[in-house]
Amino acid sequence: MKQLSSKKIQSDIPITNMKRFRYLKFFLIPGWRDPAFTKLEYQIGKSKSKRKLFRRLIKPLTIIGFLLLLFVTFCAIFAPWLTKYTVKVLTDKGLSGGIPFDDPTSDHPLGTTQYAYDVLGRLIWGCRTALTFGIATIIIGASGGIIVGTISAYFGGRVDAVIMRIADLIMIFPALILLILFTQMVGEQLPIMLSLFGLLSIPAFARLMRSSVFQVKQNLYIEAAQTGGAKSFKVMFKHIIPNAIAPIIINFFGGVGAAILGFTSIAFLGFGDQSLPDWGTDINFARTKFSHYYAAFWPGLFILIAVMGFMLIGDGLRDALDPRLRVTTKKVI
Amino acid sequence: MFEDPVLNKLGILPDPTIIEAERRRMGLHLPLITQLFIYLKNFFTGDWGTSYIVSEGKSVIQIIGEIFPKTIELVIVPILIIPIIGVKLGVISAKNKDKAKDTFIRGIGILGTCLPIFWLATMLQYFVGHYIEIYTYGQLNLEIMSPNSVTFSQYPDPEWPFHTGFRIIDGFLFNDQGLIQDTLLHLILPMICMTFVSLAGITRQTRASMLEVLEQDYIRTARAKGCLENNVISKHALRNALIPTSNLIIGGTAARLTGALFLEMAFNYTGMGFFMVTAITLGDYVLINGILVFTALIILSGNLIADVMYTIIDPRIAYT
């Protein structure tokens, strides 16, 4: 018995590893057939659609976006280990003793910017600011948009008209100008800014959700749930939202990229949070110093990397998930 | 925090009575609701107020009349060429789906979307200004920037009987070549930046709707009856694919007319966006209100025009 069990264990481990490897091969290489899976034809047929989705997702541009995003996330998580400067040294005007707009030295690998802040340190800590702002903003905006849009589309009629007119009213004014105006009045701290930006981005998400809910509402199972006596709250949040949320997910990553871009744009105008290192403020510091252009060059490159990562992943998701873009038949010619 | 227009105008004075007197003269001591109704009453009778700090003594409508032509001059060329290039690129991209050309065009489009426009502007200013001698980075209206002009010393010239506000048109009317050259030299880089950054949206929309249309039955019919591929694309497919794109084009035009905030700040171009930011920084609230309302008017009329154009482009749609 003992021998048997040990034998089983010995034979078990390599097989599972092999299986995993083969399964990975099956997933990654298009058209791969494996004799070991002939008995599992049914399950394979089931997972085939999953494999198709995965293969649609791994386009070269999406992989590039994923790598860029990985780089920015790495910088954001390991910021204290990547640079020896702390946030206090990088944002307090008095603390950093050095020459403003200095050439690169061993202490400052990319030179210094205004008030003798270290450029590399501000770049690395800026990853945290940008990611926090982008993701938190869109989480606020998307969740608000889901709730408002669902309520608006589900009840329809007068409720819909009132909510949509309010959304139109907010969308008429350019969001960035409104944000600058409000931050001047309320305060320039990061939490205030991101919640304001999130609130201002609710109408766009609400519209998206509304059009999606209108389609889902036609389905028979909604009627069945209503006939079964479900409260409208339950119908909305249990039956409609899970089926109508796909466009929000598709637009999530693109929204994060746009939020980061908007935040750095505002910081570029000088309305950013001065107590945190961030890329837009860096460009604002160095944009007129043409003899030390690299102090403005590197932050812009980081903005490009971060925004591009999110946008490329968002584009890949849109191509993979959006049914309108799916090509069903081959081209004739 | 709250920008105080009175403090910003007077500077920090030791005497509080002067500040209080100025506040009373402006009517800022009244309750907020009273101020709002006074403003609304004046607003709807055609008096949009007088700028307090930014350009003192000029009425807001006068200021908008001066800066709006400048913004139009900045955006007119991008407005005209963006749809042409964008639709062309989108069609090429849809024709070669998932090939190298398509990937390249989409990459360029995504690059345009992701580039921070102010950074692109700064870098272009640096490199072009460094390597091309006739280009100078600087503001308009600086005498040192146009050494070849005989007549041009300031704009508008006090000797002219009238001026339209458009610098290029004025240059042609009064034969001031220095003014034209100066204006064009300052407009090239902002135009390049704006075009490059705004291409992506139209390209992507055209590509998506072209892919959708190319799947339709009538395209197969057109190919089956022996149409040339070029005609299939440009006559049968493009007309139908342009319907969603036209909405985007008109909306983009309206949005562009409201002024390019960051571009104008980066190039020191005194258009709508520049005045907006200056007014916000200094707390000139009447001017902010005026420009915001004007912006909203432009966008609203853009939406209206888009709705009307829909019926012209696609006769199947009718508003009853």
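Trainee: Why is A:Ile29 called partly exposed?

Mentor: In this predicted model, A:Ile29 has a relative accessible area of 37%, and since buried means under 20% and exposed over 50%, with partly exposed in between (1.4 Å probe, protein chains only), A:Ile29 is therefore called partly exposed. Residues are numbered from 1 along each chain as its sequence is written, and chains are lettered from A in the order in which they are written. Local features need pLDDT of at least 70, side-chain atom pairs count only at pLDDT 80 or more, and side-chain values use heavy atoms, with hydrogens and water left out.

Trainee: Where does A:Ile29 lie?

Mentor: A:Ile29 lies in the loop between H1 and helix H2 (41-57) of chain A, helices being DSSP runs of H or I with at least four residues, numbered from the N terminus. The largest share of the nonpolar patch, four residues, comes from H3(A).

Trainee: What makes B:Thr203 buried?

Mentor: B:Thr203, in helix H8 (residues 177-214) of chain B, has a relative accessible area of 8% and is therefore buried. B:Thr203 touches B:Gly86, B:Leu89, B:Gly90 and B:Ile105, not counting residues up to four places away in sequence, where contact means heavy atoms within 4.5 Å.

How values were computed
Helix = DSSP H or I, 4+ residues; strand = E, 2+ residues; numbered from the N terminus.
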